[in-house]
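User: Hi! I'm new to reading protein structures and would like to go through one with you. Could you help me with a few questions?

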Amino acid sequence: MDTHRESVEVVDDAVVRSFARAALLAALIGAAAPVSIPLPFSPVPITLQVLFVFLAGLVLGPVWGPISILLYITAGAAGLPIFAEMRGGIGVLVGHTGGYLWGYLIAAGLIGLLVHRGTDLRDPAEEPLPVVVVALVAGTIVIYGLGAGYMAWLLELDAWEAFLAGVAPFIPGELLKMAAAIAIVKSGRIAPIQS
Amino acid sequence: MLSYEPDDTVVHRLDPRSKLAFQIGFAAAALAHATPRALIALTGLCAVVLAAARVPIRETLYAYRLAVAVLAFVPLVAAVTFGPPWIDVDDGIVSARASYRVFLILLVSAAYVRSTPVRHSRAAIQRTVPGKPGQILGVGVALVFRFFPVLQADLRTIREAMAARLGDERGPVERASTIAILGLTRTFERADRLALALQARCFAWNPTMPPLTFSRSDVPVLGLSGALVLAAFL
């Protein structure tokens, strides 16, 4: 009988811990898809997905934050119903809401870069408030810019129509999510992995 | 909700990589061409795929009802113009064709979702993307599938506990941040335990994967996928 010999290349401690957090945060983003909170002054409720995308950048940083979103996108493409409206499959990635999903990926990386300014993670609770606010605003602009831009190109809309259909209804909810994200990181209850 | 269902159709027996290639080809062709002739051809192809995978049409349309509603609504937004003549029919028709092709792409991906088990998708990812990125993606996707129902239950528990304490009568920011803080702390506790368990089981960059092989029935599907991708450039 042949014996198959191969040495085992064990994964580093810090990588395993960051990887486990990234994978589970991706599952949490998916699990949050059906959770919505109604707003008294807007027909569009708050969904928590974008809030967790913000937190991916804030807590996991510029490397593992985007990896977490990439895992979320890949799991959704493989068929798990974790995209908005409980959908899954590659079709959603190129469909009318696909731009937002790719926006999440870039936004998590951008927020991570602006807040942590490097791959060594800082505690976002100790960062000055303006830095966090600028990072969140920049992330939101990326998500909605890509989302509405792609929708306009795909469905042959002009810029104003895309803004009406893909950005305007979500503005109040986004402002509240930024407030919630800031409250969460400033509470200091969630510490990043510092190696 | 649409998910994998065991069956014995031609599409179920195909290699997941050729099914992924077909979806990419179909999407590329549909995004490149929105002419009436192209749409008729793509509709026919889509119908063949749905029939071959025995996708239940009514359930699928119900699962995609919100997407269908948005895709039906968008051409109306495109048709409305500010100032006379108020309704621009041509603009609406262009947008309606564009919306219809997105609908076809969603249906084809529904056939993939119905006919492909998760471990096949994972093996396909890990064999297509080489090295450590492939490992991270493959293992990560498997973990997302495993923990998705667990974290859904966590979120449900948190919301029920909030409702029992009249937490759902508080302001939206407070509700969102409470759910997110509790959800995230629970998730990270689980992640830290998972990391310890992975290390205890010698989590490595080079585990053994299940075998995947292309069969004879994959050849026409791969050929058609290539033709569709080429058609996108015509």
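User: How many salt bridges does the rule find across the interface of chain B and chain A?

Analyst: Keep in mind that this is a predicted model. For a salt bridge, a side-chain nitrogen of Lys or Arg has to lie within 4 Å of a carboxyl oxygen of Asp or Glu. The side chains of Arg21(A) and Asp192(B) meet in this way, at 3.4 Å from N to O. Across the interface of the two chains, the count is 1 salt bridge.

User: What share of the area buried between chain B and chain A is on carbon and sulfur atoms?

Analyst: Let's start with who takes part: chain B gives 72 residues to the contact and chain A gives 73. Between them the chains bury about 6,400 Å². The part of that area on carbon and sulfur atoms is 79%.

User: How many residues in the contact of α7(A) with α9(B) are nonpolar?

Analyst: On the α7(A) side the contact is made by Leu176(A), Ala179(A), Ala180(A) and Ile184(A). From α9(B) come Pro172(B), Val173(B), Ala176(B), Ser177(B), Ala180(B) and Ile181(B). Sorted by type, there are no charged residues and 1 polar one, and the nonpolar ones number 9.

User: Which hand does the crossing of α5(A) and α7(A) have?

Analyst: Helix α5 of chain A (residues 129-154) comes within 11 Å of α7(A), axis to axis, and the two cross at roughly 140°. That angle makes them oblique to each other. As for the hand, α5(A) passes α7(A) in a crossing that is right-handed.

User: How many charged residues are in the contact of α5(A) with α7(A)?

Analyst: From α5(A), the residues include Leu129(A), Val132(A) and Thr140(A). They meet residues of α7(A), among them Glu174(A), Met178(A) and Lys186(A). The contact divides into 9 nonpolar residues, 1 polar, and a charged count of 2.

User: Where is Cys202(B) found?

Analyst: Most residues other than glycine have a negative phi. Cys202(B) is not a glycine, yet its phi is positive, about 60°. Its place in chain B is the loop between α9 and α10 (218-233).

How values were computed
Residues are numbered from 1 along each chain as its sequence is written. Chains are lettered from A and ligands numbered from 1 in the order in which they are written. This is a predicted model: local features need pLDDT of at least 70, side-chain atom pairs count only at pLDDT 80 or more; totals for chains, interfaces and linings use all residues. Side-chain values use heavy atoms; hydrogens and water are left out. Contact means heavy atoms within 4.5 Å. Helices (H or I, at least four residues) and strands (E, at least two) are DSSP runs, numbered from the N terminus. Ala, Val, Leu, Ile, Met, Phe, Trp, Tyr, Cys and Pro count as nonpolar, Asp, Glu, Lys and Arg as charged, and the others, Gly among them, as polar. Buried area is the accessible area (1.4 Å probe) that two parts lose on being put together, summed over both. Axes are lines fitted to C-alpha atoms, for helices over the stretch in contact, and angles run from 0 to 180 degrees between N-to-C directions. Angles under 35 degrees count as roughly parallel, over 145 as roughly antiparallel, 65 to 115 as roughly perpendicular and the rest as oblique. A crossing is left-handed if the near helix is turned anticlockwise from the far one by less than a right angle, and right-handed if clockwise.
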